[in-house]
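Here is a short briefing on one chain. Have the coordinates open as you read.

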Amino acid sequence: MNIKTIQCPACGGNLNIENINQSLFYCQYCGAAVQLETDRNKGYDLEHGRLDARGEMADTILKGIEKIKPELIHNGNAD
């Protein structure tokens, strides 16, 4: 991993990188948490996004079922 000078996105202060295996740092000037993307956390972030998308899709499907449920019950097609 090639480390260059990294600046805090909140205040612009230089971040002290002491452990290159770490992906979460705190700015010594303003205290902001800074998440660095590394090969180690890329997969986690991608999987987390996939799980969020699946949850949103499930919510959308359930909302659709709730909308048509009274019609299905009225027509005698639902249990």
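**Chain briefing**

From the N terminus on, the elements run β-β-α. That is one helix and two strands. The model is predicted.

**Overall surface and contacts**
- The chain has 79 residues, and buried residues make up 11% of them.
- Its accessible surface comes to about 6,700 Å². Carbon and sulfur atoms hold 51% of that area.
- Among contacts with a separation of 6 or more, 9% join residues 24 or more positions apart.

**Nonpolar core**
- The largest nonpolar core has six residues: C8, L15, F25, C27, V34 and L36.
- C8 touches G13, L15, C27, C30, A32 and V34, leaving aside residues up to four places away in sequence.
- In soluble globular proteins, nonpolar side chains tend to be buried together.

**N14**
- N14 lies in the segment before β1, which spans 24-26.
- N14 is partly exposed because its relative accessibility is 39%, and that class lies between the 20% and 50% cut-offs.
- The C-alpha atoms of N14 and Q28 are separated by 8.5 Å. Along the chain, N14 and Q28 are 14 residues apart.

- Helix α1 covers residues 39-74, and I65 is found in it.
- I65 has a relative accessible area of 41%, so this residue counts as partly exposed.
- I65 also belongs to a nonpolar surface patch of about 390 Å². M57, I61 and L62 are the other members of that patch.

Key
Residues are numbered from 1 along each chain as its sequence is written. This is a predicted model: local features need pLDDT of at least 70, side-chain atom pairs count only at pLDDT 80 or more; totals for chains, interfaces and linings use all residues. Side-chain values use heavy atoms; hydrogens and water are left out. Helices (H or I, at least four residues) and strands (E, at least two) are DSSP runs, numbered from the N terminus. Buried means under 20% relative accessible area, exposed over 50%, partly exposed in between (1.4 Å probe, protein chains only). A nonpolar core is a set of buried Ala, Val, Leu, Ile, Met, Phe, Trp, Tyr and Cys residues joined through side-chain atoms within 4.5 Å. Contact means heavy atoms within 4.5 Å. Patches are made of residues with over 30% relative accessible area and no salt bridge: like charges are joined within 9 Å, nonpolar side chains (Val, Leu, Ile, Met, Phe, Trp, Tyr) within 5 Å. Accessible areas come from the Shrake-Rupley method with a 1.4 Å probe; for residues, only the protein chains shown count as cover. A salt bridge is a side-chain nitrogen of Lys or Arg within 4 Å of a carboxyl oxygen of Asp or Glu.
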